[in-house]
Amino acid sequence: MCIHTGQHPYHCPHCGKGFAWRDKLVNHIRIHTGERPFVCKHCGKGFAQNDKLTTHIRIHTGERPFVCKHCGKAFARNDKLTVHVRIHTGERPFVCKHCGKAFARKDKLTAHIRMHTGEHPFTCQHCGKGFAWKDKLIKHIRVHTGEKPYACSYCGKAFAQNDKLVTHLRIHTGERPFVCKHCGKGFARNDKLTTHIRLHTGERPFVCQTCGKGFIQKDKLTTHMFTHTGNYPYTCVHCHKGFVWKDKLINHVRTHTGEKPFICKECGKGFAQNDKLVTHTRIHTGERPFKCKYCGKGFAQKDKLTVHTRIHTGERPYVCKMCGKGFTQKDKLTTHIRIHTGECPFVCQHCGKAFPKKDKLTVHTRSHTGERPYVCKHCGKAFARNDKLTAHVRTHTGERPYPCVQCGKAFATKDQLNAHIRIHTGERPYVCNLCSKGYTRKDKLGAHMYVHTGLHPYHCQHCGKGFAWKDKLTNHIRIHTGERPFVCKYCPKTFAQNDKLTTHIRIHTGERPYVCKHCGKAFARKDKLGAHLCIHTGEHPYNCQHCGKGFAWKDKLTNHIRIHTGERPFVCKHCAKAFAQKDKLTVHVRIHTGERPFVCKHCGKAFARNDKLTAHVRMHTGERPYVCTTCGKAFAMKNKLNTHMRIHTGKHPYTCNQCGKGFNRKDKLNDHIKIHTGESPHICTYCGKNFTRKDKLTAHIRIHTGECPYVCTQCGKGFTRKDKLVAHTYIHTGLHPFTCPHCSKGFAWKDKLTNHIRTHTGERPFVCKHCGKAFAQNDKLTVHIRIHTGERPYVCKHCGKAFARNDKLTAHVRIHTGECPFVCKTCGKAFARNDKLTSHSYTHTGKYPYNCPHCGKGFVWKDKLTNHVRVHTGERPFICKHCGKAYAQKDKLTVHIRSHTGERPFVCKHCGKAFARNDKLTAHIRIHTGERPYICSHCSKAFTTKGKLNIHMRTHEGKLPYICTQCGKTFNSKEKLSAHLLIHLGSGNCASLIVQPLMGKNMAV
């Protein structure tokens, strides 16, 4: 009440200041007394307030409990989070009264006001310079003192300013928080983004006063000015070469002096330029900041990325003038030319061996020097060759890029794959000369020989224990060293042995190979099955010494005893919180790691806790245990019931701070705020499309899954969204609530009206970013873009075929279901597609919209007429680049090219047989399915292809269109005529035989 009355009953005895709260007075008095009763146990620093100490301790523990809901960034203080969130929301509550400029932080406003007042209250004691901000003064003083208190935790480099360190750290982390709204490119620094945006906007604010040329960067203008004056401020004392920048001169001078001031702290190697050292250091750290946009592979140098990108693009700009072979790198071309010249310019100074490539010499030299520059960042092991390190690192990461084509098993190295393939082929090239036993690998034979000799050549350096196999020793040594090189690909957990990892992975995959013979329950581990069997036998071998309670499992007894002792041995390494049970700690740690091991069997959604999964499963089962006492409505979760109750009470506790609108649910407020911020955080896992609301994403995903939960009660048609169902009901009721102001046409859907109005106005607001083509409707643009991206989100649930448009999928599904909803009003014939009905209707009227100018033949579609006209003109514009054969139709050329390339993209899912043409696959699949969709209208006989039906129909119609030019006999199919011609060929009459259809072209045989 003191807030409303303005009363301050607690007064400071030192200065008389009043406070509404007693604890506020206590904290204030400590300003006068200097008392700091709250002391940090880590460093001894004292604080006047307990909350200040709590915040300070997080510096030592690294705890950051306040997490941004927009991007996941964590903070040690809530006020820091509040300021950070304003970056996402755009909120700027602190406004300058002089110029109206707004700020997200109050201290920024205070410093800004000093620009108007001219106040500089903070003065440097060294040079007397004044500053409006205290932190600016602190940074300035470091210019005099040389202090650099902010050190990089990755490389040790120190900085005088924290923001410089923050920017530097992004080199190691790869973070690029400043994103271009035009193209999505990210930057580590805001000024770099500002410069980049000018590439899109065309802005060039830095203009040359001599020639008027504009530049996007000030330093570019400075460099340009010297082209007019011809005077360079920095000149080399050795060769008098001029430079615009001092650092360029310094680097150049080192070419004369041989100075290499930048020394690698790992190996001592020197470099003349710092950027060369930075690149070299990445060999030791393993850092690869340059990522390939095609495959995600990382590189330590930008030029290496450029070369790698050419693998994807196929570009080979460096061509050998002797043989015409192209290369992606200039040095590859130089090395290749030595094959022609026989040159080997790189000679080993130790043994005189010569090499055509410098890197081959470098690797060879290490056999003499013992140098191993490639060090594993996981375990510290060193290698002389980078490829050996790459193979070794895969033991830590679990990467297996070499898969077996026969069984799909993957391997980390190619030689491991080769050894595995011998399991399939049965090849055992390594044979024991004592017992003739064969092996697929040489090391396996070596280990086998110890069975005969009794030798244990591998001994532990820690305890002396001997082993016959090196990998057994390796596993044993990890007991002493604590090394855990096997990392789970699903979560960051590590293991010392691969079989332990295999067992752990079953938590994620759900695999349970050990099954109880009594009840059928399955387990991931064999020992878990053993403990389970005690349930059937009734055995409880483990008893509590405090209360006598029995347990089937030893770990259950261990957990139980802690109830008596109060022991909490499981401590969180992130925040130091302790737990009596390991599973409680495991659940708690997931808050820090983000792990979600509990997966819904209905939809695959994952959760960190089992009870959260239980609540989610109720969405599928329909269980709703929480019931509203006012209206009787039931809910699956208690918090859903609490939200529902606000409908009855009228409470709207969540208010938008930008427009003041109130909401009864926090998620509704969050969705509303995205209207202001433009954020779209919900991403489709199938196609990557973004949505502002989760329900919009849910409805979108149903396009991929084919789910239609909203069903019309009158006709049974299903829809992905409820509003789509509501609009559909207008078809049955005849209601058209939305009317066009231009022509008064009515529509059931508002968006249909909006699209219709554009036919009057000619507006085409949706423009393709790839080719500039404009569309009146957004969905038309979406479908068009798929031509460029190749996206096909609509998948047939019957055969797996994908389509770019939903209507194409709908028409395709009717092939499986047999549905033919489009019926001819004249003859009653039904069709699966509307365009087929349109084509059919012309058979009754005899009038076609497109007619051939040569023969008068009519066509329903313009492209069919275009193809037909080429029959008369002989035009064949589509030419094969392999053999020069020409075709009148593009699709015919596409099929023909596959005869050269051997490509057979249409594969049968039943037997794996591949085809060059889709219609051939369709016909083939019907052999497996037994489908015969083409039925004779005379005798009901069914066929797999339309061509076979057409041949059959000729038996009823009496048509025999194929005539033998030798004897005049006629046939109803080309195949029968070809078989007949063999009679003439066998009789020796081998003159040019012509297959002569009664109607159509000649075919030479």
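The model is predicted, so local features need pLDDT of at least 70 and side-chain atom pairs count only at pLDDT 80 or more, while totals for chains, interfaces and linings use all residues. Residues are numbered from 1 along each chain as its sequence is written, and side-chain values use heavy atoms, with hydrogens and water left out.

**Exercise 1.** Describe helix α8, its span and its buried residues.

*Solution.* Begin with the naming: helices (H or I, at least four residues) and strands (E, at least two) are DSSP runs, numbered from the N terminus. Helix α8 covers residues 190–201, which makes 12 residues, and it reaches 17 Å from its first C-alpha to its last, close to the 16 Å expected at 1.5 Å a residue; that expected span is 1.5 Å times one less than the number of residues. Next, the buried residues of α8 are L193, T195, H196 and R198, where buried means under 20% relative accessible area, exposed over 50%, and partly exposed in between (1.4 Å probe, protein chains only). Among what covers them are β13 (178–179), β14 (186–187) and β15 (206–207). Finally, just after α8, G202 takes a positive phi of about 80°.

**Exercise 2.** Determine whether H392 is buried or exposed, and what it touches.

*Solution.* H392 lies in helix α15 (residues 386–397), and with a relative accessible area of 14% it is buried. Leaving aside residues up to four places away in sequence, H392 touches C376, C379, K381 and F383, contact meaning heavy atoms within 4.5 Å. The side chain of H392 also makes a polar contact with the side chain of H396, at 3.3 Å; such a contact is a pair of N or O atoms within 3.5 Å, and within protein one must be able to donate a hydrogen and the other to accept it, while residues adjacent in sequence count only if both atoms are side-chain atoms.
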